[in-house]
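Here's a quick tour of a few spots worth a look.

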Amino acid sequence: MNSRFPVVLPTNASFVQKTLCVLLFVLLAGLRPVAAQSAAGGVSTVGTEVVRIGVLPDNNYSWERIRTDTSLVFAQSDSLFPARAYRYWLKIEAINRSRYAEATRLTVLPNIDNTLFYFNEDAQAWISQRAGLAVATDTKRMKGRLPLLVQGRSTAIFYVLVNLGRKAALPPAISVRADLEKESAAQETERYFSIAWAVSVAVLLLLLLTNLHVYARSRDRTTLYYICTQVGAALYITAYRGFFRVLFPAPVFSMVVLPSGITYAYTLNNVLMHLSVVLLLMGFVQMTRAYLPTRARLPRLDAGLRYALGGYVAFTVVVGLVNTTGFHLNNYTLLLDNILVLGVLSLLLVTTVVAYLRRLPLARIYLLANVLPLLFIISVAVHHVVLGFNNDGSLLLPDLAVVSHALCFSAAISIRLQNLQRSLLTKEQEAHHLALDIRQKELRNREIAWENQQIQVAFGRMERRQKASELETQQLSVDIQQQQSSNQDLQEKLETNQRELASTTLYVAQKNALLAELKLQIEEMNAQNPHKQKELSGIKSILQTNLYLDDDWTRFKLHFEQVHPRFFEELQAKYPALTKNELRLYSYFHINLSTKEIAALLNIDPASVRRAKTRLYKKIAAANNEPGLAPPDEEADAQLAEA
């Protein structure tokens, strides 16, 4: 049995972890300039500041009229009123106290759809630029920022057309505000957080590729869920930095403007943000359930994790669907969203601690891997709950959270895989011994199978012999049945012929008896009428002739030969000296007719029959050269005569 885990996994994991530590050091090394910038006041407005904002409700004014018509009055105000107009012109005065021209970024709140008009000294012309959350052409990470160049030691006047639109949820009054940020400071911050994002994504991708290779070799479910968390972390940090706004500037599903002028828009960046959090929590929860056998060891906490995860997923889906239908709910559910995340994370921490207290396998390693990532993740959630939800992408806690999570859990999974590998090696040794036992049993089974085969061959031969014997028996039975059927047919035919022979014999006897009676009557008439003696002698001669007709003998002989085939032929061949009358007499003896019956058939007296019989036996005895031998029928005939 071959191991499914790579043998070089510990070395590779160590190399990857060292590389990731270097990348994390690079990420943390940039904290100093950002911290210094934050200490200096966050947004730098040292050289240029806004001194006055004039407000004019738009009445379909053209830019030329705004620029040239001096009768239009820009009232100094700090609020916009959507009930009066959805478009406002702002006249902004900014002063640059520095000796040098200063490049700045202008942010006007509300920043739904703002168009800046300013005079370019180099081009000697008025230039317009458009930006805002609802502007599809604004592909910057932080939308709504307008670049502006203010000359040194001068007061610049520029105009901004604020379009509130009709899609956003607007309060009755909206505070208007204009902020200028130094271009250099903004670029520095942008560059730093872009590098932080790139380092974080590089760390995640490197670990993702490493663990994809591990999963392809091991098919470990814990590694799969860890990969799910890495994908979610990459999506989260990208959405948190707003880079999806660069890729997908449109569409805007819903918007809301707060009275302070801050505007929130629900875009694809927010959809992917919610999706990333779902992937993170799903991977985190499932990885915990797979790493620690919670279903078998901690069933109640396991059920709590499943229900908590299912509840958060359902909540996120409902919020996302409502936001994408045009009603901006995200701003009102962020607090509950972060509280739910804190609840799920707290339950994960409790599960890990309980597993450690119950001394579950690898629970201590998993608890140590959870400490730092959970600390950063909970800090992010607490920051949003306590300090607010205005996300400008200038917070490093998400980067630290996802990178620490990736590093710590990569180490935990590496240790788990090494432990599994050791267990697998032990199992392989046991399997090897078991395979030897199985091999021996297989050999024994083959011997038994060979013996069984020989027995089956012997049984097969016996069965074939038995079947052959059965076939022979069946054939004999069929032959016997056929012979019995043939004998039965012959017996029936014999009985029929005998009946016909008896009938013929009876018929001849009756006829001869009748003729004898007629002969006697004629003799009496001859005695009574002598004068008619001549006529009666003729009739008597005719009757005497009919007594010896051959037709009756021929009919009798035919039936006799049907009962006794070839009787006369064989008798004639054996005793050629016998006459026709002797053959006839012998046939009568053969069928056991009495002397009287023979006398009636031959129309002679019984004494003549006995004399003829004696002569016949003497002839036969002389032919056989055995004078003392009598035919078998003599004794029977003597008995009949006595009867």
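## A leucine in a loop

L360 sits in the loop that links helix 10 (330-357) to helix 11 (363-386). Keep in mind that this is a predicted model. Is L360 buried or exposed? With a relative accessible area of 8%, L360 counts as buried, because the cut-off for that label is under 20%.

Which residues does L360 touch, once its neighbours within four places in sequence are set aside? The contacts are R297, L298 and A355. R297 is 63 residues away from L360 along the chain, yet their C-alpha atoms are separated by 8.1 Å.

## The annotated spans

The UniProt record, an unreviewed entry, carries the annotation "transmembrane region" for residues 192-212, 224-244, 264-285, 305-327, 339-358 and 365-389.

Let's check two of these spans against the model. For residues 305-327, the end C-alpha atoms lie 31 Å apart, with 87% helix and 0% strand.

How many bridges join strand 6 to strand 7? There are 7, and the two strands run antiparallel, with strand 6 made up of residues 114-120. In this pairing, N120 stands opposite A125 of strand 7. As a general point, strands of a sheet pair through backbone hydrogen bonds.

How values were computed. Residues are numbered from 1 along each chain as its sequence is written. This is a predicted model: local features need pLDDT of at least 70, side-chain atom pairs count only at pLDDT 80 or more; totals for chains, interfaces and linings use all residues. Side-chain values use heavy atoms; hydrogens and water are left out. Two strands pair if DSSP finds at least two bridges between them. Helices (H or I, at least four residues) and strands (E, at least two) are DSSP runs, numbered from the N terminus. Buried means under 20% relative accessible area, exposed over 50%, partly exposed in between (1.4 Å probe, protein chains only). Contact means heavy atoms within 4.5 Å. UniProt positions are given in the numbering used here, feature names are shortened, and annotations may be inferred rather than shown by experiment.
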